[in-house]
Amino acid sequence: MEGRFEKQLLQCKSLDEFVTMFFGLSKQQQMSVLGDEIRIPKGTRLYRARKYEGIPLTHENDWWLPPADKKKKGRFNYPKKPVLYVSTTDFILPREIGLNVNEKYYLAKYECKEDIRVGSLLKSHNRITCLLHKIAMAVESAEKLTEDEKMELQKCKCEDGSISNFIGDLNSVFYIYKYLHRDLYDITNKIADLLLQKYPEGFRYCSCYASIEASGGSSVVTLAGELVANYALTEAGAKKLKLIDTAERLYTEEEYKNNDRKMLISANLKVYNEYYKLKN
């Protein structure tokens, strides 16, 4: 991205102004901040979870892209334009689909029949990419956080609504939604559009419930590795998967406690923030 545009974006007075200005730039400028390609190797196992809603989900057709006319808007899909949301790990999926303790769900396991090449928002030395990365993984509302997580977040006292704070604070993914006067998914879908223009099989993204990661600084930092992540796959990407099996599960209290991400909002992040501090 041209320096003058980056400077203008970083000087925006609000997140809404930043979003409006960024998506008002030419496609060439927008595409220039996309991250590196990720190759999901043949043989990789991927997982998908779905709530149990009274109907067993054991038929193979239950685990591919849903009919377009039945698909509502999601984080990275417009209404009637489905993608397949999968992950390399299964332990965060109950939080992703909003399960409560003692609720049943189904877990599907896939395997890549061949390599899948997807896009990402992993890019060094680019603060615009950094903020887009955070928006893409942000929680939608306070309802997505546990009471412990809310209390831990209050201790940080790091919210000031500035663009520089959103970029420099790893915890901002938990409160960005407060500073948007529009639907978060409207923005994340625009980000998805950019990625899919360049990477038609899908793209990698990070869940805020997973190990924390950051993009845009002097180096890309992923605590669990770049391959360990969530993926939004198009029909072209999903065709490269085969379904291995499905299983009914119960979301236990122990699993719920293990998925409480208050440790991501703890004092430990202060050390990590210092290590990954972005230059002004």
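A pocket is an open set of grid points with protein on both sides within 12 Å along at least five of seven lines. The exercises below use a predicted model.

**Exercise 1.** Describe the largest pocket by its volume, its lining and the elements that supply the lining.

*Solution.* Start with the volume: the largest pocket holds about 1,300 Å³ of space. Next, take the lining, which counts 40 residues; Arg48, Ala49, Lys71, Tyr85 and Ile97 are the closest to the pocket centre. Then assign the lining to elements: strand 2 (45–51), strand 3 (84–87), helix 4 (93–96) and helix 5 (127–137) each give two or more residues. Strand 2 has the largest share, with four residues. Finally, sort by class: 22 lining residues are nonpolar, five are polar and 13 are charged.

**Exercise 2.** Give the volume of the second largest pocket and the classes of its lining residues.

*Solution.* The volume is about 240 Å³. The lining includes Glu143, Lys144, Tyr209 and Tyr256. By class, five residues are nonpolar, three are polar and four are charged.

**Exercise 3.** Check the length of helix 8 (residues 184–198) against its residue count, then examine its N-terminal end and its buried residues.

*Solution.* Helix 8 has 15 residues, and at 1.5 Å a residue it should span 21 Å. Its end C-alpha atoms are 22 Å apart, so the two values agree. For burial, the cut-off is under 20% relative accessible area. Residues of helix 8 that are buried include Leu184, Tyr185, Ile187, Thr188, Ile191 and Leu195. Among the elements covering the buried residues of helix 8 are helix 2 (15–22), helix 3 (27–31), helix 5 and strand 6 (202–205).

Notes:
Residues numbered from 1 in each chain as written. Predicted model: local features only at pLDDT ≥ 70, side-chain atom pairs only at ≥ 80, totals over all residues. Heavy atoms only, no water. 1 Å grid on protein atoms, 1.4 Å probe; cavity = no way out; pocket = protein on both sides within 12 Å on 5 of 7 lines; lining within 4 Å. Points joined across faces, edges and corners; volume = space filled by probe spheres on them. Nonpolar A, V, L, I, M, F, W, Y, C, P; charged D, E, K, R; others polar. Expected span 1.5 Å × (residues − 1). Buried < 20%, exposed > 50% of the residue type's maximum accessible area, 1.4 Å probe, protein only. Contact = heavy atoms within 4.5 Å. Polar contact = N/O pair within 3.5 Å; in protein donor to acceptor, adjacent residues only side chain to side chain.
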